[in-house]
Amino acid sequence: MKNVLLAASEAVPFIKTGGLADVIGSLPKYFDKKEYDVRVILPKYACMDRSLLRGLKKSAETEVCLNWRKQYAGVYQGEADGIIYYFIDNEYYFSGPAPYDQIYLDAEKFAYFSKAVLTVLPLLDFCPDIIHCNDWQTGLIPVFLKTQFQADSFYRHIKTIFTIHNMRYQGRWYMDAYRDITGLPDSCFTMDTMECYGQANPFKGGIVESDIITTVSESYAKEIQERDGGEGLDGLMRARGCRLFGIINGLDYSVYNPETDPLIAANFGVGNWQDQKKLNKKALQEQMELGVRDDVFLIGMVSRMTDQKGFDLVAQKIEEIMKLQDVQLVLQGSGEEKYESMLVSFSKKYQHRMAVRIGYSEELAHRIYASADTFLMPSMFEPCGLSQLISLRYGTVPIVRETGGLKDTIKPYQEGNQTGTGFSFTAYHADDMMSVIRCAYHVYRNHREQWNDVVLRGMQQDYSWIKSAEKYAELYDMLVQIKSTEIEQEKVRQEAEKAAVLLRKKVDETLSQKSMGKKVEDSKPKKTAGKNKRSTSKKRK
C-alpha cells in the first residue's frame, strides 16, 4: 500500500474559492484503493459550512513551534466520498471570514499550517510515503521537512511532490518577516533557495526542495519555462525541467453530468441533447430576463473578472459582439471593480439581450453551462481551466485562446475537419478574439449540421480524472520505489558500518593481544653478559 497525503488550502465540499478546491476534492477518489491510500489535510477554517463539519472527531492535539512561537494545533478527522480528511484547528490563524487575507497575515498563517502538517504526522494512524503539496500555501512543507524534520527517522524517507496550479501567486513577502515567522536558517534565504528579487518566496522553496514538480497541463509546463510565463522563475523552472511534469486536470463526472445534474432545468445526453438544450436555454432566458428565443446565439461566461481571464479583450469588443444579429450574452462572476461596473452598465444598455450576475452561484453556473450555445474563455494565460471541460461535457462549444490547458484540451474547428471540438485563436489580441467569435457565429447560423457535429464530438471527449490519476499514480510509484531503494541502501550502509565497527574491534583486540604478548616477552629475565663471558673463556682454555 502506498500512502499519500494531499496538503492544500482548500477542497470541495468543505471550502472553495477556485479550481484548486475541485482538484483536491476530486483527485483522491480516482485511485485504486487496493494500492493507494490517499488522504487530504486542510486548515479548519471558521468560514467553512458548519453542517459539513458536524461528523468530525478530534483525534490529536499538540504544540507547533514556529520559531519563538508555540501555537496550539488540534487535529480533527472526517470522511467525504470515501476519502479521509484531516483538519488542522487553530482559531488564531483560521478564524477569519474567508480562507485568504492580506499577504502579511497569510504568510504566517500558511507557514503555521505547513509546520503543523509535519508536526502532527506522528500523532496520526497514518505515515505518508509522499506528501503532495499544492501551490504556495504549502510550499514551506518541503523546506521544513528538509531542514527541521528529516534528521528524525520517522520523516527521513518521506518524499514530496509540489504541484503548481497558478504560477502568478507565489506568497512573496519580506525576507526578515519570513525569517522571524519560520525560524529557518540563513541557508534557506539565498538565491539558490527561497530568496527571490529581495523577498522570500515559499513557492520557490517548494519548487527547489520537492522531489518532483508537476503542473496542471503539458503546455503550461512548457510556458512556465519561458520568460513570459515564468513569472520571474523561468530560469529555475528550466533548471528543474527534468523533474517537471505536466498533467492535465480532470473533471469529476459524478458532479458534472448533464444526464443526472439536479441543478439544470432538463437533463440530457448525447442522444437527446438538441431538444433538451433548448429547454435549458428557455429556462435560463426566463431566469435572467432575456428574450426567450431558441434560435439566438447564446454566449456564456462563468469567470473571475480579471485581465488574466481576458476581460480586457471583452471590454474592447463587447459593443461589437452585441451588434451581431440575434446574439445574447450571459455572464456570472466577480473580480476587478472596473469590469464589474462596465458589464453591469452594458447589461442595462442591452436589456433582454445581455445579463450579468456579480457573485457566484453553483446552480446558475451549471445552468449557464447547460444552456449556452458557446462558452467564451479568452484567457491571457490558463494553467489548465475547468470551464472548457465542463462546457464540452454539456454540449456548449468552447471559444478559447490557445494557451496552457485550453490549448491541450480544445481541438480547433476547421471547415471540413472532422476532429474539431471548439474554436480558438492564438495571439492575445481583441481583433483575433472577435474574428473567431464571428467564425463560430457564422457556423452556428449557416452550417448547423457542422455545428452539431462539433457539439457531439465535444460531448464524447473523455476528460475524467481516471486518466490524470493514472499519471499521478506513475509518479507516486516512482517516488515509492526511490524511497524503497534508499531504505535498502541505508540498511546496507548500516550493516557495513556495523561490520566496520566489528572489524575495528577485532583489529584492536588483535593489536592489543600482540602488545600484551610483547610486554610478557619483555618482562622475562634476560641472560647476563657475565655468563656469556665465562663460557667464552672456557672454550679458549
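Reply: Residues are numbered from 1 along each chain as its sequence is written, and side-chain values use heavy atoms, without hydrogens or water. The model is predicted: local features need pLDDT of at least 70, side-chain atom pairs count only at pLDDT 80 or more, and totals for chains, interfaces and linings use all residues.

Me: Which residues of H3 and H4 meet?

Reply: Contact means heavy atoms within 4.5 Å. Ala 111, Ser 114, Lys 115, Val 117, Leu 118 and Thr 119 of H3 touch Leu 140, Ile 141, Phe 144, Leu 145, Gln 148 and Phe 149 of H4. These contact residues comprise 8 nonpolar, 3 polar and 1 charged.

Me: At what angle do H3 and H4 pack?

Reply: Helices are DSSP runs (H or I, at least four residues), as are strands (E, at least two). H3 (residues 103–120) and H4 (residues 140–149) pack at about 55°, their axes 9 Å apart.

Me: Where is Tyr 197 found, and is Tyr 197 buried or exposed?

Reply: Buried means under 20% relative accessible area, exposed over 50%, and partly exposed in between (1.4 Å probe, protein chains only). Tyr 197 is in the loop between strands S9 (195–196) and S10 (199–200), and its relative accessibility of 61% makes Tyr 197 exposed. Its phi is near 55°, a positive value in a residue other than glycine.

Me: What is the phi of Asp 326?

Reply: Asp 326, although not a glycine, has a positive phi of about 60°. Asp 326 lies in the loop between helix H10 (311–323) and strand S14 (327–333), and counts as buried at 17% relative accessibility.

Notes:
Axes fitted to C-alpha atoms, helices over the stretch in contact; angles between N-to-C directions. Nonpolar A, V, L, I, M, F, W, Y, C, P; charged D, E, K, R; others polar.
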